[in-house]
Amino acid sequence: MVAPIETIANRGTIAGMQTPFSSDFFTQHRNRLMQELPPGSLTVVGGAGLLQRTADTTFPFTQHSSFWYLTGIEEPNVILCMNTNESYCILPVANETLALFDGAPVAEELQAVSGVSTILSYEEGWKRLKHDIRNAAIVCLPSAPPAYDEHHGLYANPGPIAVIENVIKLAKQTQLDTTTLSRTLAC
């Protein structure tokens, strides 16, 4: 039997919304995933981005399911990085216009929901990620879907694809693995 939302302890909140899952729920998913990956792995998973609906509006935001499974975060363009020692998130580039209309992600709220204690700005995060890529034995990424899937007539969300492309550029001397993570998460 599932407990009513009101009685679930330590539930997270973000952007005024509540999730019935505790941060431990997402921490356990990350820990389980890291146990399945090769030793010395650095794992990078990009969250979904906003999609333009009309000239000045976006479609309602829906997070990438694998990213949500690992974090519970419902903010666009956040990046999750994990190694055997810790997990950290990278926030998107600060955008004053979006922050004015939609609000900016608040690190404390992201920490409460996800259980990820380190939330870095875009600049700090990519600096750290570059360092971690150089020191990783292997970098695990989800496989990038094609931008347009002709069989299903769907466009892929560009957020996770851009993260994958940027990490591949940085990982010139590091082994990349796109099959293990994709198979494990079923992206």
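How close do the axes of helix α1 and α4 come, and at roughly what angle do they cross? The views below, taken from a predicted model, start with that pair.

**View 1. Helix α1 meets helix α4.** The axes of α1 (residues 23–36) and α4 come within 6 Å and cross at roughly 70°. Angles of 65 to 115 degrees count as roughly perpendicular, and α1 and α4 are therefore roughly perpendicular to each other. On the α1 side, look for Ser23, Phe26, Thr27 and Arg30; on the α4 side, their partners in the contact are Ala112, Val113 and Ser114. Sorted by class, this contact holds 3 nonpolar, 3 polar and 1 charged residues.

**View 2. The buried face of helix α4.** Helix α4 spans residues 107–114, and its buried residues are Leu110, Val113 and Ser114. Seen down the axis of α4, these buried residues fall within an arc of 85°, so they line one face of the helix. Just past the end of α4, you will find glycine 115 with a positive phi of about 80°.

**View 3. Helix α5 crosses helix α6.** Here the axes of α5 (residues 122–135) and α6 (residues 158–170) come within 10 Å, crossing at roughly 50°. The two helices, α5 and α6, are therefore oblique to each other, and α5 passes α6 in a right-handed crossing. Helix α5 brings Trp126, Leu129, Lys130 and Ile133 to the contact, while α6 brings Val163, Asn166, Val167 and Leu170. By class, the contact of α5 with α6 has 6 nonpolar, 1 polar and 1 charged residues.

Key:
Residues numbered from 1 in each chain as written. Predicted model: local features only at pLDDT ≥ 70, side-chain atom pairs only at ≥ 80, totals over all residues. Heavy atoms only, no water. Buried < 20%, exposed > 50% of the residue type's maximum accessible area, 1.4 Å probe, protein only. Helix = DSSP H or I, 4+ residues; strand = E, 2+ residues; numbered from the N terminus. Arc of directions from axis to C-beta. Axes fitted to C-alpha atoms, helices over the stretch in contact; angles between N-to-C directions. Parallel < 35°, antiparallel > 145°, perpendicular 65-115°, else oblique. Left-handed = near helix turned anticlockwise from the far one by under 90°. Contact = heavy atoms within 4.5 Å. Nonpolar A, V, L, I, M, F, W, Y, C, P; charged D, E, K, R; others polar.
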